[in-house]
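Dear colleague,

I am passing on the structure we spoke about, and below it you will find notes on what turned up when I went through it. Please read them with the structure open beside you.

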Amino acid sequence: MKINENILVGNTGKKVGDVMQNIYTNESVKCGYKVNGKDVYVKLIDLGYLPNAGSKNVLHGLTNFTPIKIEGIAYSDTLSNVISLPFATPYFAGNNNLSVQCSLTASSIYILTYNNDSNLRGYLNIYYTINS
């Protein structure tokens with residue numbers, strides 16, 4: 001079955017073919033399902049490189065929203081290290097904590113690393129509904 005790629009997606013001005021092939025960073029896209037009767041959207045945020053044993057905030061640009069979930073990836077340029085975000089490993093006394101914390105606030109994404117993860121570039125999807 002061939003999908004008609006010229007059908008408009010909601011009132012976004014985009015066609016199905018555009019959404020099927022391209023998800024752009026910093027742009028919201030309707031996911032095609034609902035939670036509690038509200039349409040769910042996703043926005044891919046470019047986190048840049050992760051901090052060297054520190055923290056950073058990245059603005060997400062969303063307003064009047066309710067988050068559903070966050071998920072993402074961080075990877076080195078050579079793909080020798082690829083992790084899912086948020087990333088957590090067990091803590092063992094005396095060893096470094098290898099986790100990368102990702103927290104969502106009303107205006108930004110807070111990233112906290114316990115080690116030098118500055119060789120990892122990150123992206124995070126924010127799934128959300130729009131408040132009425």
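**What was found**

Ile-73 stands opposite Ser-84, a residue of strand β7. Please keep in mind throughout that this is a predicted model, and that the mean pLDDT of the protein chain is 84, with 74% of its residues reaching 70 or more. Among the elements of the chain, strand β5 (residues 55-59) has the highest mean pLDDT, at 96, whereas helix α1 (residues 16-21) has the lowest, at 57. Where pLDDT is low, the predicted coordinates should not be read in detail.

**The β6–β7 hairpin**

Strand β6 (residues 65-76) and β7 run antiparallel and are joined by 4 bridges. The two strands form a hairpin with 5 residues between them, and in that turn Leu-79 has a positive phi of about 60 degrees.

**The nonpolar core**

Leu-85 also matters for the next point, the core: the largest nonpolar core has 18 residues, and Leu-47, Leu-85, Ile-109 and Ile-111 are those that touch the most other members. Two or more residues of this core come from each of β4 (38-49), β6, β7, β8 (100-104), β9 and β10, and β10 gives the most, with 4 residues. Leaving aside residues up to four places away in sequence, Leu-85 touches a list of residues that includes Leu-47, Ile-73, Val-100, Cys-102, Tyr-123 and Leu-124.

**β8, β9 and Ser-108**

Strands β8 and β9 pair in the antiparallel sense over 5 bridges, and a hairpin of 3 residues joins the one to the other. Leu-104 has Ile-109, in β9, as its bridge partner. Ser-108 also has its place in strand β9, and because its relative accessible area is 7%, Ser-108 counts as buried. The side chain of Ser-108 makes a polar contact of 3.4 Å with the side chain of Asn-57. Beyond residues up to four places away in sequence, Ser-108 touches Asn-57, Val-58, Leu-59, His-60 and Ser-103.

**The loop with Asn-116**

Asn-116 is found in the loop between β9 (108-113) and β10 (120-130). Although Asn-116 and Asn-52 are 64 residues apart in sequence, their C-alpha atoms are 3.9 Å apart in space. Asn-116 touches Pro-51, Asn-52 and Ala-53 when residues up to four places away in sequence are not counted, and its side chain is joined to that of Ser-118 by a polar contact of 2.6 Å.

**Cysteines**

How many disulfides does a search of the whole structure find? The search finds 0. As for individual cysteines, Cys-31 counts as partly exposed at 27% relative accessibility, whereas Cys-102 is buried, with a relative accessible area of 9%. Cys-102 is also one of the residues that Leu-85 touches.

With best wishes

Notes:
Residues numbered from 1 in each chain as written. Predicted model: local features only at pLDDT ≥ 70, side-chain atom pairs only at ≥ 80, totals over all residues. Heavy atoms only, no water. Pairing = 2+ DSSP bridges. Contact = heavy atoms within 4.5 Å. Polar contact = N/O pair within 3.5 Å; in protein donor to acceptor, adjacent residues only side chain to side chain. Disulfide = S-S within 2.5 Å. Buried < 20%, exposed > 50% of the residue type's maximum accessible area, 1.4 Å probe, protein only. Core = buried A, V, L, I, M, F, W, Y, C linked by side-chain atoms within 4.5 Å. pLDDT = per-residue confidence, 0-100.
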